[in-house]
Amino acid sequence: MALSKATAKKMKTPPPADGPKHVAIIMDGNGRWATQRGKPRLFGHQAGAKRVRQTVSACPDLGVKYLTIFAFSTENWKRTQTEVSGLMALFRRYIQREASYLQRLGARVRFIGDRAKLDKKLQTLMQYLEDLTSDNDHVHLTIALNYGSRDEVTRATQRLAVEVAEGRLRPDQVDSETLATFLDTYVLPDPDLVIRTSGEARISNFLLWQSAYAEYEFIDTQWPDFTPDVFEAVVRRYGKRERRFGAVPS
Ligand code: IPE
Ligand code: IPE
Ligand code: MG
């Protein structure tokens with residue numbers, strides 16, 4: 001019996017067996033997306049925030065267990081005060097609006113970055129969402145907020161230096177695994193695939209240490225146009241790549 005179009009659409013294609021387990025996304029292009037439509041940049045950020053829900057909920061079907069998204073960098077403070085405070089208000093609203101959805105989805109939410117520099121209300125909401133979802137395991141969503149890799153490695157090194165200075169760690173015990181335990185991402189596996197939207201081919205200080213062996217995809221789509229179909233296409237392309245980690249393929 002032929003399936004109706006609707007039924008066929010509902011039936012899920014199995015996730016790619018060799019797909020990425022951890023996808024990290026540099027969500028770029030909100031500002032240009034808005035400008036192209038004659039709207040203020042914040043309009044683009046609002047549209048971008050809406051895309052996050054679909055992207056997170058698409059992960060389990062794609063076999064993606066960990067999703068890490070770059071929301072605000074340590075360099076983004078250089079933007080106008082209007083844009084920065086608009087973004088901070090958007091993050092607060094995002095948490096308030098999405099908390100129950102993320103909880104129902106079974107998403108475990110974590111934040112990485114230097115939260116001490118964020119306003120107290122936002123810090124409280126971030127802690128609330130982390131606590132609310134701390135028992136979940138369906139998909140792990142990590143939001144990089146006031147995050148920069150150099151800042152993260154610097155903060156990690158400061159904490160590590162204290163351990164050495166106070167005699168709890170010997171200098172010769174400091175190897176790359178030990179150092180990694182001081183990073184904000186210490187509980188996460190390294191990303192397998194890093195996607196950057198908007199056509200820019202740069203990393204902009206995102207997960208430099210963790211992505212040493214990640215595969216990269218730079219796509220022209222602006223973040224507010226990043227549909228689950230675009231996501232799926234990128235994830236399926238990843239399966240065709242050969243990762244070597246420095247070895248010669250057998
Ligand atoms: C990414 O979009 C979101 C943030 C950096 C907060 P942009 O705001 O960088 O958008 P473009 O790159 O100016 O188009
Ligand atoms: C990177 O995008 C940061 C986020 C997506 C949050 P930017 O738009 O800030 O990066 P640059 O300035 O183009 O390198
Ligand atoms: Mg940008």
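Reader: Which way does helix 3 pass helix 8, in a right-handed or a left-handed crossing?

Author: In this predicted model, helix 3 passes helix 8 in a right-handed crossing. From helix 3, the contact draws on R51, Q54, T55, A58, C59 and L62, and from helix 8 on P228, F231, E232 and V235.

Reader: How should I describe the packing of two helices?

Author: Two packed helices are described by the angle between their axes and the distance between the axes. Here, helix 3 (residues 41-62) and helix 8 (residues 228-238) pack at about 40°, their axes 9 Å apart. That angle makes helix 3 oblique to helix 8.

Reader: And what are the angle and axis distance for helix 4 and helix 5?

Author: Helix 4 and helix 5 (residues 120-132) pack at an angle of about 15°, with 10 Å between their axes. Angles under 35 degrees count as roughly parallel, and helix 4 and helix 5 are therefore roughly parallel to each other. Their crossing is left-handed. Among the residues that meet are F91, I95 and L102 in helix 4 and L122, L125 and L129 in helix 5. The contact residues of this pair divide into 11 nonpolar, 2 polar and 2 charged.

Definitions and conventions: Residues are numbered from 1 along each chain as its sequence is written. Chains are lettered from A and ligands numbered from 1 in the order in which they are written. This is a predicted model: local features need pLDDT of at least 70, side-chain atom pairs count only at pLDDT 80 or more; totals for chains, interfaces and linings use all residues. Side-chain values use heavy atoms; hydrogens and water are left out. Axes are lines fitted to C-alpha atoms, for helices over the stretch in contact, and angles run from 0 to 180 degrees between N-to-C directions. Helices (H or I, at least four residues) and strands (E, at least two) are DSSP runs, numbered from the N terminus. Angles under 35 degrees count as roughly parallel, over 145 as roughly antiparallel, 65 to 115 as roughly perpendicular and the rest as oblique. A crossing is left-handed if the near helix is turned anticlockwise from the far one by less than a right angle, and right-handed if clockwise. Contact means heavy atoms within 4.5 Å. Ala, Val, Leu, Ile, Met, Phe, Trp, Tyr, Cys and Pro count as nonpolar, Asp, Glu, Lys and Arg as charged, and the others, Gly among them, as polar.
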